[in-house]
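Please keep the sequence and the structure in view while reading.

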Amino acid sequence: MTASRPTLRGTAGALEAARSEGRAALIVYLPVGYPDVDGSIEAARTAVAAGADIVELGLPYSDPGMDGVVIQQAVQAALDGGTRIRDVLRAVREVAATGAPTLVMTYYNPVLRYGVDAFAAALAEAGGAGLITPDLIPDEAGEWIAAADAHGLDKVFLVAPSSTTERLHLTAAASRGFVYAASTMGVTGTRATVGEKAQQLVQDTRAAGAQRVCVGLGVSTADQAAEVAGYADGVIVGSALVRTLIRPDSDRAAALTDLGELVRDLAAGVRAGGAR
Amino acid sequence: MSGSQAARTLREVVGPYFGDFGGRFVPEALIAALDDLTAAWEKAKGDPEFTDRLAVLHRDYTGRPSPITEVPQFAAHAGGVRIFLKREDLNHTGSHKINNVLGQALLTQLVGKTRVIAETGAGQHGVATATAAALFGLDCTIYMGEEDTRRQALNVARMRLLGAEVVPVRTGSRTLKDAINEAFRDWVANVETTNYIFGTVAGPHPFPSMVRDLQKIIGEEARSQLLQRIDRLPDAAVACVGGGSNAMGLFHAFLDDTDVRLVGCEAAGDGVASGRHAATITAGDPGVLHGARTMVLQDEDGQTVESHSISAGLDYPGVGPEHSWLASIGRAEYVPVTDAEAMSAFELLCRTEGIIPAIESAHALAGALRLGTGLVAGGADPAETVLLVCLSGRGDKDVATAAAWFDLLDPDAEVSE
Ligand SMILES: Cc1ncc(COP(=O)(O)O)c(C=O)c1O
């Protein structure tokens with residue numbers, strides 16, 4: 001099945017490597033351009049050094065409909081600071097150089113505007129692993145699927161607790177790398193509990209043919225990471241990490257220290273929950 | 001991208017795609033809700049029980065059919081052509097928005113949900129939604145950009161009087177587009193209890209088709225009223241375009257009357273060249289915004305550009321996909337109207353006909369003045385030239401803005417806006 005054949009720089013390798021260690025992978029989200037472009041690259045490198053297996057770099061967008069307040073705030077600051085698509089591509093190049101597969105998480109319009117195939121070509125050239133597309137369902141993604149296939153990129157589509165069995169099949173078949181299971185019906189942000197529907201969703205998505213399923217939305221602590229690692233191939237953490245970077249005192253060294261500490265905790269969490 | 005290809009006439013095109021435009025560019029989490037809504041609407045619109053209830057509400061609650069009014073003193077400034085206004089300003093709650101809202105509120109009841117949410121710019125859609133929520137006993141939350149809550153403070157108070165919660169949105173540009181983002185975020189999280197009553201013909205399928213279906217009564221009534229009154233169709237149907245619901249509602253009945261020009265008036269703010277405008281079709285590019293592929297005001301990275309207009313209801317950097325399609329196939333034309341042109345038409349209608357229009361609708365009036373003058377200059381016989389203009393709303397909500405524009409207040413007067 002070509003849809004799930006891993007590519008060299010793709011995320012499947014890292015997920016399989018984690019699996020062979022008997023654990024889930026830790027996937028971190030950070031928006032490019034916050035606190036500034038270099039600062040976000042530094043943050044991503046810090047996260048990789050502290051144990052992140054895969055990096056999701058957010059492409060800042062003016063209308064982030066699936067994001068909660070923390071990421072909205074960081075992304076708005078990134079745009080106000082003048083972050084451009086070319087900065088995102090530079091960040092991809094520098095973060096991918098750490099060896100961690102580096103995805104871009106982007107709303108669709110910036111890709112459409114850049115030119116879907118041109119974007120895929122530029123991303124592949126920068127060493128990027130592929131795209132996570134929160135507002136693009138496979139039904140609308142013909143152009144992106146063709147471009148991703150042409151350039152050997154991962155296509156990470158999302159499933160949600162509301163997805164029907166038919167849609168789980170469709171999404172599993174269209175995805176390459178992994179399928180992103182949204183743990184709850186909602187937007188990004190930290191939550192006291194990861195949705196109880198997440199485990200069932202992972203099972204159902206696997207039953208629909210997905211080889212690798214990672215869970216995101218709401219994971220912020222090592223305990224939650226351990227819990228999710230008990231049933232998923234990867235644990236995705238975003239808002240909790242971004243929050244360590246948002247500091248009234250703008251003390252970057254302290255922010256990176258906090259970020260590194262949280263990533264180390266989460267990395268320990270995915271190992272603690274690895275008894276699968 | 002197909003799905004509408006079976007249509008033989010323009011009026012039969014129902015989405016999800018209008019040519020290359022439309023679709024559903026939304027998170028997967030919303031797909032089930034959109035599927036449910038699509039199915040519920042398909043069923044309801046052909047169900048006599050639903051359509052009869054809606055017809056009774058239109059008649060007894062809204063006051064439909066709204067009349068058409070010929071405005072000769074105003075039309076004297078348009079080369080002396082004949083101008084008829086479709087009086088959506090006389091509807092209960094003061095604009096065309098109620099047509100759509102009553103239908104969607106009835107649908108909410110039908111699918112058993114207990115809470116409605118809506119975005120609003122000028123506040124007219126929010127007021128209409130709050131009104132329907134009061135009537136049907138539904139919980140109601142309205143999202144409104146903080147900037148707009150200032151510009152339209154009276155409508156905020158109206159919504160609260162009607163029992164709605166009004167949430168000022170402080171993200172992004174703090175206007176309509178951000179209110180829509182926030183409403184979608186609410187919907188994803190609360191979809192089991194909540195129906196999103198979208199206010200215009202934009203957004204993901206089924207909203208463009210459903211809102212169009214609920215607004216097409218404007219053109220259908222006007223078409224038969226004109227036939228009855230003067231036994232002919234207009235030379236042009238003219239409407240303002242924000243998201244495009246009153247315009248689509250007016251245009252739809254005439255889509256296959258190829259001799260009737262369809263003219264959409266976009267808000268040009270300080271002028272299209274100034275960059276401070278909301279003329280999406282005139283100056284935008286194809287893209288994706290709020291769930292649909294359509295024309296969008298955007299920069300070279302695909303970031304949405306902030307729009308500007310004196311009229312909060314037209315201050316939107318996107319537009320309904322059906323309009324983008326009608327523009328692309330040349331069936332409808334879209335013209336820019338500046339703040340200054342709109343305000344001068346606003347004043348003219350007040351003085352010549354004793355009708356205070358919404359500033360949104362004044363953009364259509366300005367478009368009609370320009371069109372009539374141009375047609376007559378081009379040799380048309382004014383007595384044989386008929387323009388039909390959608391007066392989408394009344395200007396009560398805009399009195400403070402107009403007073404400031406025309407400097408009408410005594411220096412020591414207190415204005416509580
Ligand atoms: C009176 C009036 N006309 C027009 C509009 C613009 O909306 P649309 O383009 O969907 O008709 C609004 C929106 O608030 C309005 O209040």
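## Contacts of the ligand

The side chain of His96(B) has an N or O atom 3.0 Å from an oxygen atom of the ligand; a polar contact is a pair of N or O atoms within 3.5 Å. Lys97(B) likewise has a side-chain N or O atom, 3.1 Å from an oxygen atom of the ligand. At Gly242(B) a polar backbone atom is 2.7 Å from a ligand oxygen atom. The protein buries 98% of the 390 Å² that the ligand exposes when taken alone (accessible areas by the Shrake-Rupley method with a 1.4 Å probe).

This is a predicted model, in which local features need pLDDT of at least 70, side-chain atom pairs count only at pLDDT 80 or more, and totals for chains, interfaces and linings use all residues. Residues are numbered from 1 along each chain as its sequence is written, chains are lettered from A and ligands numbered from 1 in the order in which they are written, and side-chain values use heavy atoms, with hydrogens and water left out.

## The shell around the ligand

Which residues come nearest to the ligand? Of the 19 around it, they are Thr200(B), Gly242(B), Gly244(B), Ser245(B) and Ser392(B) (a residue is near if one of its heavy atoms lies within 4 Å). By class, the shell has 5 nonpolar, 12 polar and 2 charged residues; Asp, Glu, Lys and Arg count as charged, Ala, Val, Leu, Ile, Met, Phe, Trp, Tyr, Cys and Pro as nonpolar, and the others, Gly among them, as polar.

Domain 1 (2-59 + 97-211) and domain 2 (63-94 + 216-406) of chain B each give at least three residues to this shell, with bounds from an automatic or database domain assignment.

## Backbone features

Most residues other than glycine have a negative phi, and most peptide bonds are trans. The peptide bond from Tyr34(A) to Pro35(A), however, is cis, with omega near 0 degrees. Another cis bond runs from Gly15(B) to Pro16(B), with omega near 5 degrees. Asp231(B), which is not glycine, has a positive phi, near 60 degrees.

Note on methods:
Polar contact = N/O pair within 3.5 Å; in protein donor to acceptor, adjacent residues only side chain to side chain.
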